[in-house]
Amino acid sequence: MERYYQEEIECASREKIREIQNEKLKKQVQHVWDNVPYYRKKMEAKGITPADIQSIDDLHKLPFITKDDLRESYPYGLLGMPLKDCVRIQSTSGTTGKRVVAFYTQHDIDLWEECCARALTAAGATDEDVCQVSYGYGLFTGGPGLNGGSHKIGCLTVPTSSGNTDRQIMFIQDLKTTILCCTPSYAAYLGERMKEMGLGPDDIPLKAGIFGAEAWSEEMRHDIEKTMGIKAYDIYGLTELSGPGVSFECSAQDGMHINEDHFLVEIIDPDTLEVLPDGSEGELVFTSLDKEAYPLLRYRTKDICQLKYEKCSCGRTFVRMAKPRGRSDDMLIIRGVNVFPSQIETVLLNHGYAANYQIIVDRVNNTDTFDVQVEMTPEMFTDNLGEVEAKQKELSDGLKSMLGIKAKVTLVAPKSIARSEGKAVRVIDKRKI
Amino acid sequence: MSIKQISVFLENKPGTLRKMTQVLADHSIDLRALSVAETKDFGIARLIVDDALAATSVLKDADFIASLTPVLAFEINDEKGGLNKLLSIFDECHVNVEYMYSFLGGKKSQSAYMIFRVAHTKEAEAELAGKGLKMLRQEQISEI
């Protein structure tokens, strides 16, 4: 039987949802107009005022906001509430140029955690469950988001954070964890390790997993489900909008339901910026309807995907989005962590290397591999193997501390990395998702 | 009286060593001794050649990273216990060897040549100077 966290809204009629959206949108536009000069200027430049937005049909009149706007207004430029009312920040990974810091009031945290609670409930979680959150905690939204959702439901929450695989498995076994939350590649890795330890699906108490923050294929889902004897659910979100839980999968596992009472969705043509008809593939654009501290209107996600409006067998009426096909900017998600080539460049330069490098990402046994090839320079070279290895390790440690994940550093011959005439090919992503 | 060894960075990829020997062959550089040290990710080739400066410059032109390293070279008799005799003198003088390699014969078939990278080249040289060893000078390399 399908469970809902907030049935009255998750299964509300489309008319009811629209009514809520109309109300919230008008209020939100007024809120940003009153409190965020950056938006006000953008709206004035388009010659509109809050009075022009009477319903969601007027949404298209509003200006878009992009990641560049977010960076330009770092850190406080888009703040919609006085700092004294804000209780938390979360952040995407990134160098100063790329980092996005999102603010939350207690109200914002509550609604974010509610979204996560809906996702967990859709995966079958109740207050009888033991929910192990193996997403990273900290600035990354994965850990805090699911942790909060799990509390809301009343699950026994096991905040293991990521890493220390054998300890994760020990807790799963000893505490009889039933719900696992982590990135899909980490789930696959955990599954593999359990197999090595001789644990079959019947020995593993898990019944469901919520795996998001990176793209993963149906094949990978089947692998994980088979290895651990669970049902694996996808979840989607962005730090900019709150974190995981913008949309989530239900028992039908056929697209992720967007929490439309909080996030208004559009699909646009990324070139013409025109809103596309229902069912078209295009760039996902979200408007946060009731975020107070970091309200984004028409935020371009750069994720390319498609919406499904057909009624879902789970009973929810929220529109569903397919798995995003790809992200149109340069960000990589490796083992669930956002990685920008510019961060790698920074580390190389800081360690005395030239900025000639190539990132090679692949997926072996459902786990992302991450190689950084760096050209050796005369300055870095010595006749002493140990010294060169030590420098290689220094660089690898530098990358780990900047990115939060481990990269394999390979030193290659000078000029062996292909130069191109235009934009350098910095990333070779061999993952087939 | 150290001699110049060329150290060359080698990427761990098939054909890298051959690319290096091709450059040396193209420029008629005479290779007198060679050793390759490797880790799992890369290698360092150590070369003794007749003309170290010319070799370094042609290798650099071919985009290799090459540097000169001072090493000590000794001529010993190619006989049982020959190296042991040499190393016992190293012991006496407290010379610490970082790595070594050797080559036999050369143009004098009764000789063997031992090449050492030591911790403190200058001091080691001074210590070993009065011990009656045949320490090679740079200009002797082309004769062996």
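## Chain B: fold pattern

Along its sequence, chain B runs through the pattern β-α-β-β-α-β-α-β-β-α-β, in which helices (H or I, at least four residues) and strands (E, at least two) are DSSP runs numbered from the N terminus. The chain has 4 helices and 7 strands. The model is a predicted one, in which local features need pLDDT of at least 70, side-chain atom pairs count only at pLDDT 80 or more, and totals for chains, interfaces and linings use all residues. Residues are numbered from 1 along each chain as its sequence is written, while chains are lettered from A and ligands numbered from 1 in the order in which they are written.

Among contacts (C-beta atoms, placed from the backbone, within 7 Å) in chain B between residues at least 6 apart in sequence, 69% join residues at least 24 apart.

## The contact between chains A and B

Chain B gives 13 residues to the contact and chain A gives 14 residues. On the side of chain B that touches chain A, the elements giving two or more residues are β1 (3-11), β3 (42-49) and β4 (66-77) of chain B. The largest share, 3 residues, belongs to β1(B). By class, this side of chain B has 5 nonpolar, 5 polar and 3 charged residues; Ala, Val, Leu, Ile, Met, Phe, Trp, Tyr, Cys and Pro count as nonpolar, Asp, Glu, Lys and Arg as charged, and the others, Gly among them, as polar.

## Helix α10 of chain A

In α10(A), the buried residues are A:I344, A:V347 and A:L348. Seen down the axis of α10(A), they fall within an arc of 100°, so they line one face of the helix; the arc is that of the directions from the helix axis to the C-beta atoms. These buried residues pack against β17 (357-364), β18 (367-375) and α11 of chain A. The face of α10(A) turned away from the buried side carries the exposed residues A:L349 and A:N350. Just after α10(A), A:G352 takes a positive phi of about 85°.

## Packing of α10(A) on α11(A)

Helix α10 (residues 341-350) and helix α11 (residues 385-403) of chain A pack at an angle of about 140°, with their axes 10 Å apart. Axes are lines fitted to C-alpha atoms over the stretch in contact, and angles run from 0 to 180 degrees between N-to-C directions. The contact involves A:Q343, A:I344, A:T346, A:V347 and A:N350 of α10(A) with A:G398, A:L399, A:M402 and A:L403 of α11(A). These residues divide into 5 nonpolar, 4 polar and no charged.

Technical notes. Two residues are in contact if their C-beta atoms, placed from the backbone, lie within 7 Å. A residue is buried if 20 or more other C-beta atoms lie within 10 Å of its own, exposed if 12 or fewer, and partly exposed in between; C-beta atoms are placed from the backbone.
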